[in-house]
Amino acid sequence: QVVHFGGRVECITNGSVEWRWVEADKVLGVPYDLPIVGYGQTVNILRLWSARADDEFHLDDFNKGSYVEAVENKVLAENLTKVLYPNDNVLAGKELRLRQQYFFVSCSIQDILRRFRLRNNDWTLLPEKVFIQLNETHPALIIPELMRLLVDREKVDWNTAWSITRACTGYTNHTILPEALEKWSVSLMERLLPRHMQIIYEINGRFLKQVAAMWPGDVARLARMSIIDEHGDRSVRMSNLAIIGSSAVNGVAYLHTEILKKSLFKDFYELYPTHFTNKTNGITQRRWLLKANPKLAELITGAIGSGWITDLEQLRALENYLDDSAFLKAFRNVKQANKEALAAHIRSSVGITVSSESIFDVQVKRLHEYKRQLLLALYIIMQYNRL
């Protein structure tokens, strides 16, 4: 897929108004499919993307002695997918992060539309075949990008394209912390994605008219709900864009979703009460019990059968064994064997000997200011001090 950055937008009037994104830099997105092996005969495909320069080597620059410039495009393009999500505390990191987000969004949505077009020629059927879940605000550019492709490339009228876009997308919010509610400066967006900013302005203008009609004279509400934050350096609120441009919004725990409805996104909940639902985060027992803990899985299956593998609720049948001394002894033996295996792994991999009689609490996650393994470390210190 070809992905564009920069350039400018020109207006063409030829009986109707058309907008063209011109003089933009091109980057190629090369797909790589990774098979994801599931339970039984299930294998899904995860499509990943690698960035390549549209024009990798400039012979003229090389012949003039400009050796760095000769491969500059190749280096800049490949940086897009070399390191995912760089530190965005500095301007260069912010820009690369935005470029990455748009690159993956554009490659993926163009590929989705390509596959749809193989068997369909009616764009209004797209929501019947495609649903795109926005995992946090990182892929929120899906909304203006899908609008751009439908309106500019496929010549779908705005209202129809907007109905299609909203019906095809849903937004999952994972955290109410501001770090996850992304904002991008208007100046950066206008420079990198000029056509998308035009589309965002149009979406916002139409949306604010709707809000003003429902709450006449409530200027503060308009300011809060606007996609454009006008305070200080103007910025684009990606969470507002994700809510306005999608058909469903969910939190990942009951308490979390209630906070979204009553606090963080209260204005939007009052406007779209039926859009907000809760989807409590869960795990797949096939991966995290059957595959990861075979001894325990074998014990459970021996006691209650294999139905739990596809229906987690069936684990409730284990309550019948609460007073079964033979089962409880076998259960303790499995847990102890796992501890001994972990202690042996720690000893062989990092040279530290730990007691297999310990209580192990394992966290598998990057160290981060607001991830819960930091809370766990503080909790261990608290427990140590109490002891």
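**Figure 1. Overview of the predicted chain.** Residues 24 or more positions apart account for 58% of the contacts with a separation of 6 or more in the chain, a contact being heavy atoms within 4.5 Å. The model is predicted: local features need pLDDT of at least 70, side-chain atom pairs count only at pLDDT 80 or more, and totals for chains, interfaces and linings use all residues. Residues are numbered from 1 along each chain as its sequence is written, and side-chain values use heavy atoms, with hydrogens and water left out. The chain holds 17 helices and 12 strands; these are DSSP runs numbered from the N terminus, helices being H or I of at least four residues and strands E of at least two. Its C-alpha trace spans about 85 × 65 × 50 Å along the principal axes. Of the 387 residues, 36% are buried (under 20% relative accessible area; exposed means over 50%, and partly exposed in between, with a 1.4 Å probe and protein chains only). The accessible surface amounts to about 23200 Å², and 55% of that belongs to carbon and sulfur atoms; areas come from the Shrake-Rupley method with a 1.4 Å probe, and for residues only the protein chains shown count as cover.

Figure 2. Y32, L34, I36, L46 and L48 make a nonpolar patch of about 420 Å². Patch residues have over 30% relative accessible area and no salt bridge, and nonpolar side chains (Val, Leu, Ile, Met, Phe, Trp, Tyr) are joined within 5 Å; a salt bridge is a side-chain nitrogen of Lys or Arg within 4 Å of a carboxyl oxygen of Asp or Glu. Strands β4 (25-37) and β5 (43-53) each supply at least two of the residues, and β4 gives the most, with three. L48 lies in β5 and is partly exposed, at 40% relative accessible area.

Figure 3. Strand β11 (residues 248-251) runs parallel to β7 (residues 169-172), joined by three bridges; strands pair if DSSP finds at least two bridges between them. In this pairing, A248 of β11 stands opposite G170. Three bridges also join β11 to β12 (residues 276-278), again in parallel, with G251 opposite N278 of β12.

**Figure 4. Open antiparallel sheet of β8, β10 and β9.** Three strands form this sheet in the order β8-β10-β9, with antiparallel pairing. β8 (183-185) and β9 (228-229) stand at the edges with a single partner strand each, so one side of each is left without a neighbour in the sheet. Two bridges join β9 to β10 (residues 235-237), and the bridge partner of D229 in β10 is S235.

Definitions and conventions:
Patches are made of residues with over 30% relative accessible area and no salt bridge: like charges are joined within 9 Å, nonpolar side chains (Val, Leu, Ile, Met, Phe, Trp, Tyr) within 5 Å.
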